[in-house]
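The stops below go from the whole chain to single residues.

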Amino acid sequence: MKKKKLYNIAIVGLGNIGCYLFKFLNKNRDNISNKNNSSFKILYVSAKNKHKRRNIKFKKNQWVNNFNNILKNKEVDIIVELIGGAEGPAKKLVFGALSNKKHVVTANKALISKYGDKLSMIAEKNKVNLEYEASVCGGVPIIRSIKEGLIANKINRIYGILNGTSNYILSSMEINKTTFRETINKAIKLGYAESDPSSDINGADVASKVKILSCLSFNSFINKKIHVEGIKDVDDEDITNANKLGYKIKLMGFSEILNNKIFQRVHPTLVKKSSYIAGVNGVLNAVIVEGNPIGKNIIQGEGAGPSATTSALVSDISSILRGNIKFPFAISNKRRKNYSSGKIQDLFFSSYIRLNVKDKYGVLSDVTKIFSNNKVSIKRVLQNPYKNKKKSSIVIITHRSKDNDIQKTLKTLAKKSYIIQKPKLLRIENG
Ligand SMILES: NC(=O)c1ccc[n+]([C@@H]2O[C@H](COP(=O)([O-])OP(=O)(O)OC[C@H]3O[C@@H](n4cnc5c(N)ncnc54)[C@H](OP(=O)(O)O)[C@@H]3O)[C@@H](O)[C@H]2O)c1
């Protein structure tokens, strides 16, 4: 057996994740080295503020004030970027590291979903690895599964719950019967949501992950066209209605190839209570891959947090320690494809529609007429009068209809004088 190679690592960013990773690597060095038949050393660490108190111990000569000073250092083999954000220092560090022929490990979905193609070109040209398992669903090893375990498969659809914070909020609203606002405040207090949880709530975080998973699943370049709706308009009444109708509401991301077009979308989704995905609660994530010959494959786990994210980062570091160079997006950039993008309006869904209306004679019959005029057929109707308020809510479940027809229906309804609030649409996933 060949002599063990020693890899020198620099960790840049010592926040939640960086500090946990630093401690974990030091504590488990022998075990990780033995499993990979290579050894490693944390040669340098860096963060923004030298004087910040951190719960880790490192030697004075390990600290680097400015990461630019290690980009050209021949001793450094692997740079772990744990700063975050698509622009600024993280971008400068990762572009600089790959250009200087350093392997890179990053947990930064914003950066990979925006600049992944350019970074992948540099990595391939310079024959170094760009690893980013921790950028999608924390501890769920979905990227390595697609690249390695599922390599035999032609994947045609990938979807799931890709954001722990929004899943915590929706499941908590259901279990504790709390409002959206109350639940977010509790999530921030418990550390399940950042103090500014907007990218978790508005769907942007899931959109970044969907774009990355699309590239890996379909051997394509990053496609920026994606339909994104967050969870801020889902209220406790929708959760109660869904429950009565046999559904749960989850924020889900989907990517699929249909008629040679890529359809990417993120939106709150009604799923049958009996489905697998309905049972994925709290901060858990679950990704479902549909491919040939595997069929349906589900992988589930903790989507965020220092321990789960470190598990993914160590998997990436190990991939480099084992030696061979891999294409960042599973195949050579020369073979990756560009798909044109399809629109959600062309897809067919069964849908949940909630109308808050003035409680007066003839409203329901006018509503059903508008649905029929737009070729949308109704499967179920639930009517909930609000006591003493002279208004009621009408909940309609449609048969599978073209999304464009549903949207036209809602536009017509929105103009009616009996409609009190913008009609609400939630799509249903049957499966
Ligand atoms: N937290 C999670 O659960 C989770 C899960 C999956 C992926 N991720 C990803 O992991 C990455 C890190 O997240 P985090 O939660 O650890 O963030 P964080 O706690 O905010 O830490 C960011 C770190 O970056 C450092 N930094 C900022 N500007 C810098 C610069 N110019 N040079 C060097 N260091 C700089 C900060 O330094 P100071 O400490 O001196 O301020 C801090 O240590 C992000 O990409 C995030 O999306 C996080």
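**Whole chain**

Begin with everything displayed, and keep in mind that this is a predicted model. Colour by secondary structure: the protein chain has 13 helices and 17 strands. Of the 431 residues in the protein chain, 43% are buried. Now look at contacts between residues at least 6 apart in sequence: 76% of them join residues at least 24 apart.

**The ligand**

Select the ligand and the residues around it. There are 24 of these residues, and the ones that come nearest are Gly-15, Asn-49, Gly-84, Pro-89 and Ala-107. Which helix gives the most to the shell around the ligand? Select residues 16-27: this is helix H1, and it supplies 3 residues, the most of any contributor. Colour the shell by class to see 11 nonpolar, 11 polar and 2 charged residues.

**Helices H12 and H13**

Next, select residues 363-373 (helix H12) together with residues 403-414 (helix H13). The two helices pack at an angle of about 145°, and their axes are 9 Å apart. Their crossing is right-handed. To view the contact itself, show side chains for Val-367, Ile-370 and Phe-371 on the H12 side, which meet Thr-409, Thr-412 and Leu-413 of H13. By class, the contact of H12 with H13 consists of 4 nonpolar and 2 polar residues, with no charged ones.

**Met-252 in strand E8**

Select residues 247-258, which form strand E8, and pick out Met-252 within that strand. Is Met-252 buried or exposed? Met-252 is buried, because 27 other C-beta atoms lie within 10 Å and the cut-off for a buried residue is 20 or more. Leaving aside neighbours within four places in sequence, Met-252 is in contact with Tyr-159, Gly-160, Ile-161, Thr-269 and Glu-429. For a distance check, draw a line from Met-252 to Lys-35, C-alpha to C-alpha: the two are 36 Å apart in space and 217 residues apart in sequence.

**Backbone exceptions**

The last stops concern backbone geometry. Most residues other than glycine have a negative phi, and most peptide bonds are trans.

- Select Asn-292 and Pro-293: the peptide bond between them is cis, with omega near 15°. Pro-293 sits in the loop between strand E10 (284-292) and strand E11 (295-302).
- Select Lys-101, where phi is positive, near 65°. Lys-101 belongs to the loop between helix H3 (88-99) and strand E4 (103-106). With 15 other C-beta atoms within 10 Å, Lys-101 is partly exposed.
- Select Asn-260, a residue other than glycine with a positive phi near 65°. Asn-260 lies in the loop between E8 and strand E9 (261-272). Asn-260 counts as exposed, because its C-beta neighbours inside 10 Å number 9 and the cut-off for exposed is 12 or fewer.

Terms used:
Residues numbered from 1 in each chain as written. Predicted model: local features only at pLDDT ≥ 70, side-chain atom pairs only at ≥ 80, totals over all residues. Helix = DSSP H or I, 4+ residues; strand = E, 2+ residues; numbered from the N terminus. Contact = placed C-beta atoms within 7 Å. Near = placed C-beta within 6 Å. Nonpolar A, V, L, I, M, F, W, Y, C, P; charged D, E, K, R; others polar. Axes fitted to C-alpha atoms, helices over the stretch in contact; angles between N-to-C directions. Left-handed = near helix turned anticlockwise from the far one by under 90°.
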